[in-house]
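How does a folded chain hold its parts side by side? Take a look at the model below, then follow its charged pairs and its nonpolar cores.

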Amino acid sequence: MADDLCFFTKDSFVFKAPKKSPLVLRMIVLVFAMVCGVYICSICLKQISTTTTAGFLNVQLTERPCEKPNIEPSEVRYVHFPKPISYSRAECACNPVRFFAILSTQRSGSGWFETLLNSHINISSNGEIFSVKVRRSNISSITETLDKIYNLDWLSSASKNECTAAVGLKWMLNQGLMQNHKEIVEYFNTRGVSLIFLFRRNLLRRMISMLANSYDREAKQLNGTHKSHVHSPREAEILAQYKPSINATLLIRDLKQVEDTVAKALQYFNSTRHTIFYYEDVIKNRTKLVDVLNFLKVPQRDLRSRQVKIHKGSLSEQVKNWDEVLKTLKGTQYESFLHADYQI
């Protein structure tokens, strides 16, 4: 009886923990593994996304720049790689381009000179851009126009292909250039623009050409049309028949005024990279054009122009009141203008 009680007491108060079901454990492990897997996958995806985005950003921001050609350090600022908005330079994107401007005065041979440059396959000189007043109305309009030209986005008959090596324009001194010279000099120096000054030594010949051209603008001698430049001997002969009369009273004053303007231009733009040529020198010695191409750092080519010179020979045959002009300039600093300075 006592043993029974003892047995009863032992079975009644000693409890054993029930065994957990294997199924429950497996479910817990499975859920834990799934949670860990999802967490690890989310971290990996974030890292991959960040790396990919960074890769794309790096491609956009670290575009490989064009390598500058092997040139002197002083020339580096004058070498450019424009990126036109209106078209792609394609395989020529890394071909270096030089910026230039031809600074001159009317009837100084600049039109003829520019056609010579444009006969070069790698040079684009876009003409007298600032003859249009609105483009030179203020410095903002001027710089906006220049930016478009030097970015190769200015389309004209002179525009070449994507492999242009030198691009520029023709700019007369009286087309906003002198009035805004400080800002323009700063622009030229900042953008690395090289200047070609082209003037005429014999200002009397220039005056005759100015007066004749002004007359034809009204008379329109060539079949009712005005032409500042001609391409046939016959047209040149017709225009040369007109002999202007020069105001002798104002002659010396007018010659000095042009002379002073040229001197001021050379002074204002002296800090730029520039070279100076004279129409008479180029006419007499065509090897001067080699110097021009060397200045622009473009390959040497034979340059040609279709333009025909209008006024030839002795000045006495081109002025109506020659005796009066002769008397006025005789013994002055401008007497040399009376003599033939070249033969053509």
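A salt bridge is a side-chain nitrogen of Lys or Arg within 4 Å of a carboxyl oxygen of Asp or Glu. Side chains of opposite charge can pair when their charged atoms come close.

Before using that rule, note what you are looking at. This is a predicted model: local features need pLDDT of at least 70, side-chain atom pairs count only at pLDDT 80 or more, and totals for chains, interfaces and linings use all residues. Residues are numbered from 1 along each chain as its sequence is written, and side-chain values use heavy atoms, with hydrogens and water left out.

Start with Arg201. Its salt bridge partner is Asp281, and the closest N and O atoms are 2.8 Å apart. Helices (H or I, at least four residues) and strands (E, at least two) are DSSP runs, numbered from the N terminus.

Arg201 has 43%, so Arg201 is partly exposed. Asp281 has 18%, so Asp281 counts as buried.

Now find Arg191 and Asp147. Their side chains meet in a salt bridge of 2.8 Å, N to O. This pair also links distant parts of the chain: Arg191 is in helix H5, Asp147 in helix H4, and they are 44 residues apart. Arg191 is partly exposed at 25%, and Asp147 is partly exposed at 33%.

Some charged residues form a network. Salt bridges link Glu75, Arg98 and Arg273. The count of salt bridges comes to 11.

Next, turn to the nonpolar residues. A nonpolar core is a set of buried Ala, Val, Leu, Ile, Met, Phe, Trp, Tyr and Cys residues joined through side-chain atoms within 4.5 Å. The largest one has 29 residues. Among those touching the most other members are Leu103, Trp171 and Phe188. Helices H4, H5 and H8 are among the elements that each supply at least two residues of this core.

Zoom in on Phe188. Beyond its neighbours within four places in sequence, Phe188 is in contact (heavy atoms within 4.5 Å) with residues including Leu146, Trp171 and Phe269. Another core, of 22 residues, lies apart from the largest one, and includes Ile102 and Phe295.

Methods: Buried < 20%, exposed > 50% of the residue type's maximum accessible area, 1.4 Å probe, protein only.
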